Amino acid sequence: MPSTDEELVARSMGGDLDSFNQLVLRWERPIYALAYRVIGREEDARDVAQETFLRAFRALKGFKGQAKFSSWLYRITLNLCRDWMRRERRTPVSQAPEGVDIIEMAGEGTPSESIEDLVSRHELGRAVGKAMALLPEEQRTAIILKEYHGLTFQEIADLLDCPLSTVKTRLYQGLSVLRKHLHESGVESTFGQ
Amino acid sequence: MCESKDLLIGFLYGELDAADRRTFQAHLTSCADCREELAGLRATRGQIASWSPPEPDFGFRIVRGAAAPPPAPRFRISPAWGLAAAAVLIMGVAAGIANLDVSYGGLVVRTGWNRGGDVASVQEAGAQALAPVDWSAQTAALDRRLRELETSARAHAPVQTASADDLSDADVLRLVREMLGQSETRQQREFALRLTQIAQDFDTKRKLDLAAIDQGMARLQNASGAEVRQYREMMQRVALAAYQQK
């Protein structure tokens, strides 16, 4: 039975480097995905993810366990993303692959998905990325944390240091704007319907 | 109710408690706008799910800082120290051969195989062995022995010459052979003695010089940079003096 985050954190605090690397292995993809969706650049997102774990490792002694370890990592990541955006003085970009490799896409798809479905899914993904980049940072962050990381309203509120009602408002406004942009972009999807 | 979107967003994400959920479900049955908006937002959520980040090239791991380097040996020969040590060895050999007295800042360095050492740690090698070999005295002693031999031969000669006429040629030849044989035996004995002494001297001096080199190396280990420069200058003077004497 795999160890919980709390157990791995406790062992890491005792100097067990392997335990911390298990946490890295467990959380590197979600953290990278969060950074990528917030700042929109693959290389920078990877740097942010690495820096997140480095900072977490250095600050491990200060982690008191009031929040979940994952929430703590998310907070570090979001702070680094904000630093990145402030430093770059830019809004996030939607970086989509230039060439779409059908063979590679087919490997990622489900067995029942046709090539046409795969292509339309990738086109939709690019359109979503572009629409997300147009959102204000607070709305985008709230949607990312909710949609891709499954945080509760309360967890998002704690993470963003804002009231619960503000989280709901940001989610509603952000989703409404996305709906409008995606409708205008002409992409249609039956996903989730 | 339609003005506040709290229930709508809570219902959309399934975060309403049971009472609020029943209330909002009842509202939906009578509000077409909310039904349409809910359906539109659900579709948008479905579209959002298709946005995936590119597959990253991970491999990032925290590694422990470079392991503490192994403790440095107490004496490690750096290139500079190696050169200094080599210089000391070469100069030691050269000085041993050179037979020199070099005065340097009040310090007298005596070199040469035939000069007694003053190294305290090798005094047990024997004071007699350490005494310098006086070659002139040895030569004089050998000369004295030869004269004695000559005198002894003369002392025997009158007896033999007195009766020389009585001796046959074969007797004379035998006597001469005996005398030559005695002389040769003495010479061989003297030569073996001298060889033994030389070998003992050489061995003693070798031990002395090895001890001196050991002590020199020990001093170099503890010497500061200024002292090393001083040693080097001293050795240069030794080398120069050896060259000039040559």
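Predicted model: local features only at pLDDT ≥ 70, side-chain atom pairs only at ≥ 80, totals over all residues.

Colleague: Okay, how many helices and strands does chain B have?

Modeller: Chain B has eight helices and two strands. Those are DSSP runs (helices H or I, at least four residues; strands E, at least two), numbered from the N terminus. Along the sequence the pattern is α-α-α-α-β-β-α-α-α-α.

Colleague: And what share of chain B counts as buried?

Modeller: 12% of its 246 residues. Buried means 20 or more other C-beta atoms within 10 Å of the residue's own, with C-beta atoms placed from the backbone.

Colleague: Switching to chain A, which residues of α4(A) are buried?

Modeller: Phe69(A), Trp72(A), Leu73(A), Tyr74(A), Thr77(A), Leu78(A), Leu80(A), Cys81(A) and Trp84(A). Their cover includes α1, α2, α3, α7 and α8 of chain A.

Colleague: What about the span of that helix, α4(A)?

Modeller: The 20 residues of α4(A), 69–88, should span 28 Å at 1.5 Å a residue, and the end C-alpha atoms are 28 Å apart, which agrees. The expected span is 1.5 Å times one less than the number of residues.

Colleague: You mentioned α7 and α8. At what angle do α7(A) and α8(A) cross?

Modeller: Roughly 135°, with the axes coming within 10 Å. Axes are lines fitted to C-alpha atoms, for helices over the stretch in contact, and angles run from 0 to 180 degrees between N-to-C directions. That makes α7(A) oblique to α8(A), oblique being whatever is left after under 35 degrees (roughly parallel), over 145 (roughly antiparallel) and 65 to 115 (roughly perpendicular).

Colleague: Which residues meet there?

Modeller: From α7(A), Thr141(A), Ala142(A), Leu145(A) and Lys146(A); from α8(A), Ile156(A), Leu159(A) and Leu160(A). By class, that contact has five nonpolar, one polar and one charged residues. Ala, Val, Leu, Ile, Met, Phe, Trp, Tyr, Cys and Pro count as nonpolar, Asp, Glu, Lys and Arg as charged, and the others, Gly among them, as polar.

Colleague: Last one: how many residues of chain A are in contact with chain B?

Modeller: 37, against 27 residues of chain B. In contact means C-beta atoms, placed from the backbone, within 7 Å. On the chain A side, α2(A) gives the most, with nine residues.

Note on methods. Residues numbered from 1 in each chain as written. Chains lettered and ligands numbered in written order. Contact = placed C-beta atoms within 7 Å.
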